[in-house]
Amino acid sequence: ALVQEYLEHIGLEVQYMNQTVEDFKNFLKPSKEKVAYSITTQIQSVQRILSAVLNKNSIALAIFKEAQEDTVYGYPTEFAQVILNLINNAKDAIVANSPDNRNIDITISQKNQTIEIAVQDYAGGVAPKDMESIFIDYYTTKGEQGTGIGLSIVKEIVTNMNGEIEAKNISGGACFTIRMKKNQN
């Protein structure tokens with residue numbers, strides 16, 4: 001029975017790894033045309049790609065889907081890159097500041113025809129002097145390690161998809177909120 005259980009576990013691990021490889025291949029291919037896609041599905045594929053690095057740093061990523069319908073029209077690969085960037089920044093802040101709360105919470109909600117995606121960490125937030133500049137090209141809060149292109153690209157991608165992004169400090173951390181119109185052609 002133990003051998004059977006072990007083999008089933010290996011089978012599940014292989015399936016998981018195959019899915020991660022597929023996610024990663026899709027992730028590297030830029031979207032050529034706008035398509036309808038699920039916000040939640042894209043976030044879950046990023047979660048799979050980052051699971052090892054998050055686990056290694058004892059960080060829990062939770063996805064809360066409050067929207068009934070989370071389909072938007074746009075570029076799924078680029079959206080995934082935005083989410084990857086935001087999660088990575090939250091991870092970096094957690095690693096740098098070692099807060100007690102090592103969670104990253106992503107909440108997907110809907111207000112009328114707008115889908116909101118909030119990425120929240122609890123790692124101290126963005127310094128007020130940096131807040132108004134974080135989306136500007138080459139502005140970095142990470143010293144030598146930072147390039148200052150991450151959040152400027154995030155803003156550009158979101159704007160290209162007729163969305164908007166804002167950052168604010170709440171609940172002892174930084175919260176990045178993306179707003180995108182549902183099914184907008």
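Strands β4 and β5 pair in the antiparallel sense, joined by eight bridges. Here, strands pair if DSSP finds at least two bridges between them, while the elements themselves are DSSP runs numbered from the N terminus, with helices (H or I) of at least four residues and strands (E) of at least two. Keep in mind that this is a predicted model, where local features need pLDDT of at least 70, side-chain atom pairs count only at pLDDT 80 or more, and totals for chains, interfaces and linings use all residues. Residues are numbered from 1 along each chain as its sequence is written, and side-chain values use heavy atoms, with hydrogens and water left out.

Back to that hairpin: two residues lie between β4 and β5, and asparagine 112 takes a positive phi near 55 degrees there. Across the pair, isoleucine 108 stands opposite isoleucine 117 in β5.

On to the sheet as a whole. Five strands make up an open sheet with mixed pairing, in the order β2-β4-β5-β7-β6. β2 (60–65) and β6 (164–170) sit at the edges with a single partner strand each, so one side of each has no neighbour in the sheet. On average, neighbouring strands are turned by 15 degrees against each other, direction ignored; axes are lines fitted to C-alpha atoms, for helices over the stretch in contact, and angles run from 0 to 180 degrees between N-to-C directions.

| Item | In β5 | In β7 |
|---|---|---|
| Strand, antiparallel, seven bridges | residues 114–121 | residues 173–181 |

Is β5 buried or exposed? Eight of its eight residues are buried, so β5 is largely enclosed by the rest of the structure. Buried means under 20% relative accessible area, exposed over 50%, and partly exposed in between (1.4 Å probe, protein chains only). Both faces of β5 are covered, with Thr114, Glu116, Ala118 and Gln120 buried on one side and Ile115, Ile117, Val119 and Asp121 on the other.

Now for the helices. α2 (residues 39–56) lies across β2, β4 (103–111), β5 and β7, and runs at about 170 degrees to β2. α5 (residues 150–160) packs on the sheet too, touching β6 and β7, and its direction makes about 130 degrees with that of β6. Contact means heavy atoms within 4.5 Å. Leu151, Ser152, Val154, Ile157 and Val158 are buried in α5, and the buried residues of α5 pack against α3 (76–97), β6 and β7. Just after α5 comes asparagine 162, with a positive phi of about 55 degrees.

What about the nonpolar core? That term covers a set of buried Ala, Val, Leu, Ile, Met, Phe, Trp, Tyr and Cys residues joined through side-chain atoms within 4.5 Å. The largest one has 41 residues, and Ile39 and Ile83 have the most contacts inside it. Two or more residues come from each of α2, α3, β4, β5, α5, β6 and β7, with α3 giving the largest share, nine residues. Beyond its neighbours within four places in sequence, isoleucine 39 contacts Asp70, Val72, Phe79, Ile108, Ile115, Ile117 and Met180.

Finally, the whole chain. The protein chain has five helices and seven strands, and 43% of its 185 residues count as buried.
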